[in-house]
Amino acid sequence: MAGWGYLEDASGAKGTADRICVPKDEAELLSLLDEARQAKAVITIAGGGSGLTGGRVPNGGWVISMEKFRKLDIGRGTATVGAGVTLHELHAAARATGQFYPPDPTETMAFLGGTIACNSSGSRSFKYGATRRWVERLRVALPEGEVLDVRRGQPIDFEVPEIPQPPAKKHSCGYALKPGMDYVDLFIGSEGTLGIVIEAEVRLLPNPPQLLNGIVFFPSDEASQNALEGWRTVPNLRMLEWVDDPALRMISQRYPDVPANAKAALIVEQIIESDADIDAWAERLAQYGALEEQSWFGSSDADRERFRKFRHALPETSLAISERNGFPSLGTDFSVPVEKHREMLAFYRETMDAIMPGHYCIFGHAGDAHPHVNMLPASQVEYDKGYEALMTFAKKAASLGGSVAAEHGLGKRKARFLPVQYESQYIDAMKAVKSRFDPDWRLGRGTLFG
Ligand SMILES: Cc1cc2nc3c(=O)[nH]c(=O)nc-3n(C[C@H](O)[C@H](O)[C@H](O)COP(=O)(O)OP(=O)(O)OC[C@H]3O[C@@H](n4cnc5c(N)ncnc54)[C@H](O)[C@@H]3O)c2cc1C
């Protein structure tokens, strides 16, 4: 996907700005912050622009792009990375040393700073969790000009309440406040509203000796759902993604070898420890009635890249269709506890079939009970109904113990869901923290709190 301009992001939202600033180093960033403070200018931080919630889309004021913060030092088990390094660059540099950075939001044009701001997850989070788990140190500029260099375990020195976390596996919605929490956790997921990430130290893992990748096709949706449930406990599985029939049809022009009789697919990636791990798949495929002969498996780097591109083609294509139809994207980012996955999925389909029949598809991180509904409205009426349905889905997800923001954050376009997740006392606590770091609310105005 091509890059995004400073006034937009991948959601299709567009904004305006009075000034675009691209500081070349920390000194220039701090001087800009000083100037902005004196001018009382509102500041929006720009990363790679791949966000899906309009967080980096400005409503006037100044944009500060972090693209020139390009430090990239790879060590053993750790990397020091500037905010403007893309995930593509970080993955490539780690790979060259026989290591990998576990979080893998599939869009590799994202900057490391943006993924920290959003606490991004992605396909490998099934095993490795979200970005939060992999950050050891942060260097952050505060809007008033101070710079904090904080390590994992360095506690905040002010009181905050514990904000209840839902039982869903994935959740990244507002500030994850907890008494005694550390600064690193406070800044991760704060979506550019508390401080500007300049640089981070992240953990790397050694590459597994062997990986098996597969795209397993099923003759029915029911068979794929049964396999999804059965395969959550497969040892060393690090990816368990699901694709529905309309999503397969959506990309079949690009991938004509998708079997015509496939009604759903699971995308898997497993760390292989012995030949028995590979042999076990034949039985597993038979047990769940997969289309054995037509499914794809591979274990080379080239296979993995091919399958990664296939997975990435799903959001890329649905975003391109939205753009072509002239609408910003309408996609869900709700998760629920795994035992509620089928109930939520049935609710999605019932609602979507009523408001936008034939104009949506569902795919994504179903291993974590977090598939994305991608709405593809063909008219303004459908768009408006879809926009309303997002709120209905948010309420349903929250009522099932889920999250209204599992991995994309809330940004500006989804800030309306924050009160669905949290009672006002918790939102007030978050606002108090915001005021502490940014007394005039100049940083990322409109994001998270609307
Ligand atoms: C095709 C596609 C697939 C995707 N798949 C996934 C997926 O599987 N999982 C997932 O989690 N996400 C996914 N995303 C979403 C996106 O890649 C992530 O949200 C990403 O983290 C955004 O990073 P960015 O650098 O592009 O940030 P931007 O879009 O530039 O900004 C996002 C937010 O972060 C803030 N920000 C950016 N840099 C900084 C900084 N240095 N300091 C403080 N705040 C900052 C911005 O102000 C904004 O609020 C996908 C996106 C696309 C387009």
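This note goes through the ligand shell, the salt bridges and a few individual residues of the structure above.

1. Basis of the note. The model is predicted, so local features need pLDDT of at least 70 and side-chain atom pairs count only at pLDDT 80 or more, while totals for chains, interfaces and linings use all residues. Residues are numbered from 1 along each chain as its sequence is written, and side-chain values use heavy atoms, with hydrogens and water left out.

2. The shell around the ligand. There are 37 residues around the ligand, of which Ile45, Gly48, Ser50, Gly51 and Ser120 come nearest; a residue is taken as near when one of its heavy atoms lies within 4 Å of the molecule. The shell divides into 15 nonpolar, 18 polar and four charged residues, where Ala, Val, Leu, Ile, Met, Phe, Trp, Tyr, Cys and Pro count as nonpolar, Asp, Glu, Lys and Arg as charged, and the others, Gly among them, as polar.

3. Contacts and cover. Polar contacts here are pairs of N or O atoms within 3.5 Å; within protein, one atom must be able to donate a hydrogen and the other to accept it, and residues adjacent in sequence count only if both atoms are side-chain atoms. A polar backbone atom of glycine 47 lies 2.8 Å from an oxygen atom of the ligand, and a polar backbone atom of glycine 48 lies 2.7 Å from a ligand oxygen. Threonine 106 takes part through its side chain, with a polar atom 3.2 Å from a nitrogen atom of the ligand. On its own the ligand has 980 Å² of accessible area, and the protein covers 98% of that area; accessible areas come from the Shrake-Rupley method with a 1.4 Å probe, and for residues only the protein chains shown count as cover.

4. Where the shell comes from. Two or more residues of the shell come from each of strand 2 (43-46), helix 3 (112-118), strand 9 and helix 9 (301-325), with helices (H or I, at least four residues) and strands (E, at least two) being DSSP runs numbered from the N terminus. Helix 3 gives the largest share, five residues. Domain 1 (19-206) and domain 2 (211-399) each supply at least three residues to the shell, the domain bounds coming from an automatic or database domain assignment.

5. Salt bridges. Side chains of opposite charge can pair when their charged atoms come close. With a salt bridge defined as a side-chain nitrogen of Lys or Arg within 4 Å of a carboxyl oxygen of Asp or Glu, the count comes to 32 salt bridges. In one of them, lysine 14 pairs with glutamate 8, the closest N and O atoms being 3.0 Å apart; lysine 14 is exposed at 62% relative accessible area, whereas glutamate 8 is partly exposed at 21%. Here buried means under 20% relative accessible area, exposed over 50%, and partly exposed in between (1.4 Å probe, protein chains only). Glutamate 28 and lysine 24 also meet in a salt bridge, at 2.9 Å from N to O, with glutamate 28 partly exposed at 31% and lysine 24 exposed at 52%.

6. A pair between strands. Glutamate 201 and arginine 151 form a salt bridge at 2.8 Å, N to O. The pair links distant parts of the chain, 50 residues apart, with glutamate 201 in strand 9 (residues 196-203) and arginine 151 in strand 8 (residues 147-151). Glutamate 201 is buried, with a relative accessible area of 14%, while arginine 151 is partly exposed at 40%. Salt bridges that share partners join Glu26, Lys71, Arg137, Arg139, Asp149, Arg151, Glu199 and Glu201 into one network.

7. Backbone angles to check. Most residues other than glycine have a negative phi, and most peptide bonds are trans. Lysine 40, although not a glycine, has a positive phi of about 55 degrees; this residue is in the loop between helix 1 (26-39) and strand 2 and is exposed at 65% relative accessible area. Alanine 369 likewise has a positive phi of about 55 degrees, but this residue, in the loop between strand 16 (360-365) and strand 17 (370-375), is buried at 2% relative accessibility.

8. Two residues of one loop. Lysine 170 lies in the loop between strand 8 and helix 5 (183-187) and is buried, with a relative accessible area of 5%. Lysine 170 and alanine 406 are 236 residues apart in sequence, yet their C-alpha atoms are 5.0 Å apart in space. Methionine 181 lies in the loop between strand 8 and helix 5 and is buried at 7%; methionine 181 and arginine 152 are 29 residues apart in sequence and 9.7 Å apart in space, C-alpha to C-alpha.
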